[in-house]
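Trainee: Could you walk me through how to read a model like this one?
Mentor: Gladly; have a look, and ask away.

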Amino acid sequence: MTDPTDAVRDRALSLPSAELPAYIYDVAALRAHAAAVRACLPERVELYYAAKANPEPEILAALSPYVDGYEVASGGELAHVAKAVPGRPLAFGGPGKTPDEIVAALELGVERFHVESEYELHMLAELARQVRPDDRVGVLPRLNLPVAADSLAASSLAMGGRPSPFGLDPAQADTVMGLLTDGTYPQLELKGVHAHLASGLGAREQVAVAGSVVDRSVRLAERHGVRPAEVNVGGGMTVDYAAPDERFDWAAYGTGLARLLARHPGLTLRVEPGRALTAYCGWYVTEVLDVKPSHDEEFAVVRGGTHHLRTPATKGHDQPCTLLGVEDWPHPWARPVSRGELVTLVGQLCTPKDVLARHVPVSALRAGDRVAFGLAGAYAWNISHHDFLMHPHPGFHFIDAPDFADTP
Ligand SMILES: Cc1ncc(COP(=O)(O)O)c(C=O)c1O
């Protein structure tokens with residue numbers, strides 16, 4: 001799905017130049033993908049969407065029928081998601097939660113708190129006592145568990161299994177489990193354990209990590225005389241920007257989780273992917289403004305750049321793209337055109353880091369042609385430095401099936 005779908009291609013070619021760049025989402029394709037993911041997950045696996053990947057309200061709403069809830073990681077996300085998909089279960093994670101954020105989450109009735117430190121546990125307990133005195137608030141300590149030395153080796157972003165600011169150090173895990181099981185905090189209910197250790201793992205590695213997380217969580221809980229009802233094994237299912245047609249093997253993952261669950265009757269697993277759910281449904285579409293040689297290379301400058309689509313700059317990859325030829329050339333002067341076979345696509349920013357894709361093979365790229373950058377549905381616009389150089393923001397288009405509204 002790197003090439004734009006027909007609906008996206010039509011929209012990309014019909015927009016006037018002045019309305020580019022634009023993010024164009026195929027919401028119908030997102031629904032189909034989410035339904036397929038859901039169908040691969042066995043019973044007793046809950047699917048939460050990590051809203052940080054793409055919190056556009058249309059995306060959150062489209063996912064709603066296929067997910068069991070949403071993972072939010074800040075007070076801002078909390079308020080935003082609660083408004084976009086009212087009444088859906090929320091899990092509140094992330095390091096450095098402030099008292100105000102915790103109070104807001106308690107007032108909103110958040111179902112699960114992923115507690116990142118002993119300090120946070122004490123603060124949550126006190127605020128829960130004040131804000132929800134008649135309630136028991138669901139807690140999953142987030143653990144930074146040791147894992148086999150090479151099990152996160154393939155990951156693009158490891159957040160655990162090594163020194164990191166995320167979750168509880170194994171040495172502190174017992175203290176926190178003790179506080180949650182010895183009656184110190186009756187207003188908190190230990191639901192289980194959370195561990196998001198890495199992003200960018202394939203299905204086999206994900207199943208192995210999940211198995212290790214579950215085994216260790218069960219052993220930890222048993223030391224405190226309880227069994228975890230739930231283990232959240234996080235997100236991080238890989239999206240390969242270098243091989244965009246290869247997909248995370250959800251079927252193999254589901255089969256592996258089913259095997260794991262068979263060893264743990266009564267346990268519910270929760271997964272909270274972000275990138276692998278939404279990356280494929282979004283395209284950043286723009287227009288080539290200029291094409292020029294520089295020393296032995298050729299560059300095409302497009303409207304927009306990494307201030308709109310920061311993903312290739314942060315991850316250091318070339319964003320997969322499709323060229324959409326435009327025959328019309330309305331000017332009396334010669335149309336700039338590439339002469340070589342490889343063109344580097346850059347944005348309008350005054351920095352050599354504003355590179356969207358290097359050495360793209362093209363037969364002839366012309367000013368006025370359009371380019372659709374794929375895999376732009378996750379960690380794209382929302383992680384970008386929008387106002388650097390004060391270029392206009394892109395447009396947003398959410399194309400849905402006829403039964404659903406199409407918002408330009
Ligand atoms: C706690 C937690 N859960 C889930 C995710 C989602 O990860 P991904 O988008 O790689 O699936 C992240 C990403 O950073 C995270 O920190």
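Trainee: Which residues are exposed on the other side of H7?
Mentor: Before that, two words on the basis: residues are numbered from 1 along each chain as its sequence is written. This is a predicted model, in which local features need pLDDT of at least 70 and side-chain atom pairs count only at pLDDT 80 or more, while totals for chains, interfaces and linings use all residues. A residue is buried if 20 or more other C-beta atoms, placed from the backbone, lie within 10 Å of its own, exposed if 12 or fewer, and partly exposed in between. By that rule, Ala171 and Gly178 are exposed on the other side of H7.

Trainee: And which residues of H7 are buried?
Mentor: Ala173, Val176, Met177, Leu179 and Leu180 are. They line one face of the helix, because seen down the axis of H7 they fall within an arc of 160 degrees (the arc is that of the directions from the helix axis to the C-beta atoms).

Trainee: What covers the buried residues of H7?
Mentor: Contact is the idea here: two residues are in contact if their C-beta atoms, placed from the backbone, lie within 7 Å. The cover includes strands S5 (112-115), S6 (137-141) and S8 (188-190), along with helices H6 (118-131) and H8 (203-223). Helices (H or I, at least four residues) and strands (E, at least two) are DSSP runs, numbered from the N terminus.

Trainee: How many residues does H7 have, and what span does it reach?
Mentor: The expected span of a helix is 1.5 Å times one less than its number of residues. H7 (residues 170-181) has 12 residues and reaches 17 Å from first C-alpha to last, close to the expected 16 Å. Just after H7, Gly183 takes a positive phi of about 85 degrees.

Trainee: Let's turn to H6. Why does Glu120 count as buried?
Mentor: Glu120, in helix H6, counts as buried because it has 21 C-beta neighbours inside 10 Å. Leaving aside neighbours within four places in sequence, Glu120 is in contact with Lys97 and Val115. Glu120 and Lys97 are 23 residues apart in sequence, yet 7.5 Å apart in space, C-alpha to C-alpha.

Trainee: Where are the domains, and how many residues touch between them?
Mentor: Bounds come from an automatic or database domain assignment; here, domain 1 is 89-273 and domain 2 is 280-399. Their centres, taken over C-alpha atoms, are 38 Å apart.
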